[in-house]
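I opened this notebook to record what I looked up in one model. The entries go from the sheet to the cores and then to charged pairs.

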Amino acid sequence: MSRTYVVTGSASGIGATTADILRSRGERVIGIDLRDADVEADLSTPEGRTSAAARAVELAGGTIDAVIACAGISAPIAKTIAVNHFGVTGLLEALLPALRTSDAPRAAVVSSMASLQPNSPELVEAALADDEAKALEIAEGLAAQGPAVGYAIYPSSKRALSRWVRRTAISDAWAGSGIPLNAVAPGTVITPMTKDLLATPEGAKMVDAAVPMPLNHHQSPESIAYLLIWLTSVENTHLAGQVIYDDGGADATLRGDDIWSWNDPS
Ligand code: NAI
C-alpha cells in the first residue's frame, strides 16, 4: 500500500529529487514550496506554516505517514533562521496530529554539516527557546554587520535544528507516539543552492576548504534523498534523534575519531 509523504522544498534540489523518487516508487507525495508545489506557502512565517499544514492535512485526507523537511535557504539574512529552524519545527509540530493517525509515522529533516561551523550561541539559544521574535532580532543584528558576520545565521540555524531534533525525538510527543525523528546533515550537494558558488574556482576552493569530502567529493541530491527515504520508511523502527552526517567524510575529517570522550572520567 502506498504511503502519504509531505515533502517541503519539493520544487528544487534535494526536496524535488526526494519527491520524484518517492513518486516513482508509487508513494503519494504532497509537496510544499513557495511555488510549483501542491501546497504553495511561505514557511518563513507562522501564518505560512499554519496554512501549509492545514492544506497538506486536507489534501492527505487526515493521515500523513511521513514528513521530509528539505526547504531551506543559505543567505546571510534574518529570514534564514525563520525558514531553516522555525519553518521546520513549526511545520512538524503542526503536522504531528496527522502523523499520529498513521500506522507507521516517520519524520526526517535536512540539517547540514554547517552545524559544525562557527555560529552564534545566542541565536541558537533563542531558536531552541522557540522565541522567534528574539531569534529574528539577533539574526537581523548579525545580518546588519555584513555577509561575513551574517553568514553565521546559516550554521546557527542548522546547529539549532540538529539540537532540536535530538531533544525532541526522545520526547513523549515523538518517541512516545512511536515516531522516529532524525536529521540528515549533507556535505556539499550540487543543487541550485550551491551551483553559483561552485561555478568559480575561487568559490569551489573556499567551499572545499570548509567542507572537506575525501569520499567521492561533491554529492548528488540523490545521495541525500535515498537516506531521507529510508529514515522515513517502515523499515526504520529504532533510529531516533540522530544527526546523520551523509557528507563524504567531512564530519569525520573535521571532528576526528573521538566524539565519545564527553562522559569519560577526567
Ligand atoms: P534548493 O535551493 O535547491 O531548494 C530549496 C527549496 O526550498 C527551494 O525549492 C525553495 O523554493 C524552498 N524554500 C526556500 N524558502 C522557502 C520558504 N520560505 N517556504 C517554502 N519553501 C521554501 O536547495 P537544496 O540544496 O536542495 O537544499 C535543501 C536543504 O538542504 C536546505 O535545508 C539546505 O540548507 C540543505 N543543505 C544543502 C546543502 C547543499 O550543498 N546544497 C548542504 C547542506 C544542507
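The entries below follow the order in which I looked things up.

**Basis.** I am working with a predicted model, in which local features need pLDDT of at least 70, side-chain atom pairs count only at pLDDT 80 or more, and totals for chains, interfaces and linings use all residues. Residues are numbered from 1 along each chain as its sequence is written, and side-chain values use heavy atoms, with hydrogens and water left out.

**Sheet.** I first looked up the strand order. I took helices (H or I, at least four residues) and strands (E, at least two) as DSSP runs, numbered from the N terminus. Two strands pair if DSSP finds at least two bridges between them. I found an open sheet of seven strands with parallel pairing, in the order β3-β2-β1-β4-β5-β6-β7. The edges are held by β3 (39–40) and β7 (243–246), each with a single partner strand, so one side of each has no neighbour in the sheet.

I then turned to one pairing within the sheet. Strands β5 (residues 106–110) and β6 (residues 181–186) run parallel and are joined by four bridges. Alanine 107 has leucine 181 as its bridge partner in β6.

**Helices on the sheet.** For the next entries I used contact in the sense of heavy atoms within 4.5 Å. Axes are lines fitted to C-alpha atoms, for helices over the stretch in contact, and angles run from 0 to 180 degrees between N-to-C directions. Helix α10 (residues 221–231) lies across β4 (66–69), β5, β6 and β7, and runs at about 170 degrees to β6.

**Cores.** Which residues touch the most other members of the largest nonpolar core? A nonpolar core is a set of buried Ala, Val, Leu, Ile, Met, Phe, Trp, Tyr and Cys residues joined through side-chain atoms within 4.5 Å. Buried means under 20% relative accessible area, exposed over 50%, and partly exposed in between (1.4 Å probe, protein chains only). I noted Ile32, Leu92, Val109 and Leu181, in a core of 51 residues. Helix α3 (residues 79–100) gives the most to this core, with nine residues.

Leaving aside its neighbours within four places in sequence, its contacts include Leu92, Ala107, Val109, Trp164 and Trp174. There is also a second, separate core of 20 residues, with Ala19, Leu22, Val110 and Val184 among them.

**Salt bridges.** I counted a salt bridge where a side-chain nitrogen of Lys or Arg is within 4 Å of a carboxyl oxygen of Asp or Glu. By this rule I have five salt bridges.

Arginine 49 is paired with glutamate 132, with the closest N and O atoms 2.8 Å apart. Arginine 49 belongs to helix α2 (residues 46–60) and glutamate 132 to helix α5 (residues 132–143), so the pair ties together parts 83 residues apart in sequence. I noted that arginine 49 and glutamate 132 are both buried.

Arginine 163 forms a salt bridge with glutamate 125, at 3.6 Å between the closest N and O atoms. Helix α7 (residues 153–169) holds arginine 163 and helix α4 (residues 121–128) holds glutamate 125, so this pair ties together parts 38 residues apart in sequence. Arginine 163 is partly exposed, at 36% relative accessible area, and glutamate 125 is partly exposed at 43%.

A further salt bridge joins glutamate 58 and arginine 55 (3.1 Å, N to O). These two are three residues apart in helix α2, which means a separation of about one helical turn. Glutamate 58 is exposed, at 57%, whereas arginine 55 is partly exposed, at 35%.

**A loop residue.** Last, I looked up aspartate 103, in the loop between α3 and β5. Aspartate 103 is exposed, with a relative accessible area of 83%.
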